[in-house]
Amino acid sequence: MAYRDLRAYLETLEEKGKLRRIKKEVDRNWEIAAVCRQLFYKIPPERRPALLFENVKGFKIPLVAGVLGASRQIYAIGLETDSFEGITSKWVEALGKPIPPRIVKSGPCKENILMGDKVNILNLPAPVWTVGEDPGPFFTAPYVITKNPETGARNVGTYRMQVKGANKTGFLIGKEQDAGLHLRRNDQENKPTPMAVVIGADPSIGYVSVSKVPESMDEFAVAGGLRGEPVDLVPCETVPLEVPATAEIVLEGEIPANVRELEGPFGEYTGYMGPAGQQPVFNIKCMTFRNNPIYQAFISQRPPSESSCIRGIGREWPLYRHLKHTLNLPIRDVRLKEAGGSGAYVVVSLKKQFDGQVKQAMYGVWSQRSGFGKFTVVVDDDIDIRDDFAVDWAMSWRVRPDKDVYIERDVQAVGLDPSQAPPSVPQHDPIRDVGSRIAIDATKKHDYPAIAVPPREHLDRVAAQWEQYGIGD
Ligand SMILES: Cc1cc2nc3c(=O)[nH]c(=O)nc-3n(C[C@H](O)[C@H](O)[C@H](O)COP(=O)(O)O)c2cc1C
């Protein structure tokens, strides 16, 4: 049965030994970020737990981090599966058979309602992430809900938010993001954009929020498809939007049209500081929350991180679907490598049917409305693209640099790519928007000699009598 809310999910994580409660008092101004980073440095993914900080100095609200993606193993639990293959089938199912949300009258997220001056987001234990560089605390796991002003289609997206006061945040939404399009459309007509921000909800909502779901799809319906049951939504108090009924914390308000203020700098998913720039603001009119709410953060900054894990998986399956089912290309697998922040570096394996098809795959990757694939590598389907060594082997011996490397100039850049401009160039400068991409065709272009390893039957025979050699494992 689907997780009803974040709490039910945390119980399951704890039962499976994947949640550690931290009772020691921690300082949100420096300590939480350092503990989360050490979690990635010290503990390998298969043993890495999510964290519940029960005692944040100066705050009554506990904080959870890493609960959606401290590792792929945790991601699998979030989708109620026990294997990486299960993650794939859940995504394929959700995108193929979305389940529309159900509107209900009320829910636990309405247990407390604060209006106007009573709103105070400074009570939320948002950490300072890149201490000494970020200007203050940021929300890293907001699920931002907006509607397309023309079609009314709902969108959920995660765009980190800078806490700017008791009822105000700044934020940065990439121009290609769905909410960025809604905002620009309203700006053109000088209308404010209604917005609701959810912090803490059942995991399916977080997974769609960070994933590149096609704009035409209702992301709550995709979340329904992921969890196998509809998401219950309740109407907001002050804006014409709906939010998950069992959300922990909801902020309602609007983005005033054409207002820009200084936002950032912020320690980014690329692993570098992103510069400050003129960005929109969110004015909060109402805050609703459950009794004893739980605050959720995503662990981001330099990859690997929770951010690169959850974005990578949530982008791979929509991209796979686009290449395989929309473009009808014989794709075996698609990988967004975490070192590239799950955006800059894409590897595709293809069962090539004819010459020239590799270019179709490259342009297929680049045809998405995102800057993904600054590096795009296409390999044959005998290469396991989850194995870096195998990809490097294909790059080493199946590429002729003078013929198999393609450079595309003046195209959309990967968001926040620090190679675009020095830190003194502000984030909103258009020089950051247009860049270039490289694709490498690492497939075989003619018949190849046999692979130089012993025959399979000899390997199997030796494996079956391995103890007799006395070598050990
Ligand atoms: C921790 C975290 C922080 C993110 N911050 C931003 C951000 O500040 N701006 C942005 O445009 N995308 C950000 N993203 C990426 C978007 O969430 C992602 O591209 C998502 O697909 C956007 O939703 P949309 O496709 O509905 O627009 C962030 C992702 C994560 C996991």
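Leaving aside its neighbours within four places in sequence, V425 is in contact with P275, I431 and R432, where contact means heavy atoms within 4.5 Å. V425 sits in the loop between strand 24 (405-412) and strand 25 (434-442). Is V425 buried or exposed? V425 is buried, with a relative accessible area of 17%; buried stands for under 20% relative accessible area, exposed for over 50%, and partly exposed for anything in between (1.4 Å probe, protein chains only). The C-alpha atoms of V425 and A276 are separated by 8.7 Å, although these residues are 149 residues apart along the chain.

A word on the model: it is predicted, local features need pLDDT of at least 70, side-chain atom pairs count only at pLDDT 80 or more, and totals for chains, interfaces and linings use all residues. Residues are numbered from 1 along each chain as its sequence is written, and side-chain values use heavy atoms, with hydrogens and water left out.

Helices (H or I, at least four residues) and strands (E, at least two) are DSSP runs, numbered from the N terminus. Let us turn to helix 1. In helix 1 (residues 6-15), L6, Y9, L10, T12 and L13 are buried. They lie on the same side of helix 1 because they cover an arc of only 160 degrees around the axis, taken from the directions from the helix axis to the C-beta atoms. E11 and E15, on the other side of helix 1, are exposed. Among the elements that cover the buried residues of helix 1 are strand 1 (19-22), helix 3 (72-78) and helix 6 (203-209). After helix 1 comes G17, with a positive phi near 75 degrees.

Next come the strands, where two strands pair if DSSP finds at least two bridges between them. The table shows two pairings.

| Strands | Direction | Bridges |
|---|---|---|
| strand 9 (residues 161-165) and strand 10 (residues 168-171) | antiparallel | four bridges |
| strand 10 and strand 19 (residues 281-289) | antiparallel | three bridges |

A hairpin joins strand 9 to strand 10 through two residues, and Q162 stands opposite G170 in strand 10. On the strand 19 side, T169 has F282 as its bridge partner.

Finally, helix 4 (residues 84-96) and helix 7 (residues 219-227) pack at an angle of about 135 degrees, with their axes 8 Å apart. Helix 4 is therefore oblique to helix 7; angles under 35 degrees count as roughly parallel, over 145 as roughly antiparallel, 65 to 115 as roughly perpendicular and the rest as oblique. K90, W91, A94 and L95 in helix 4 meet V222, G225 and L226 in helix 7.

Technical notes. Axes are lines fitted to C-alpha atoms, for helices over the stretch in contact, and angles run from 0 to 180 degrees between N-to-C directions.
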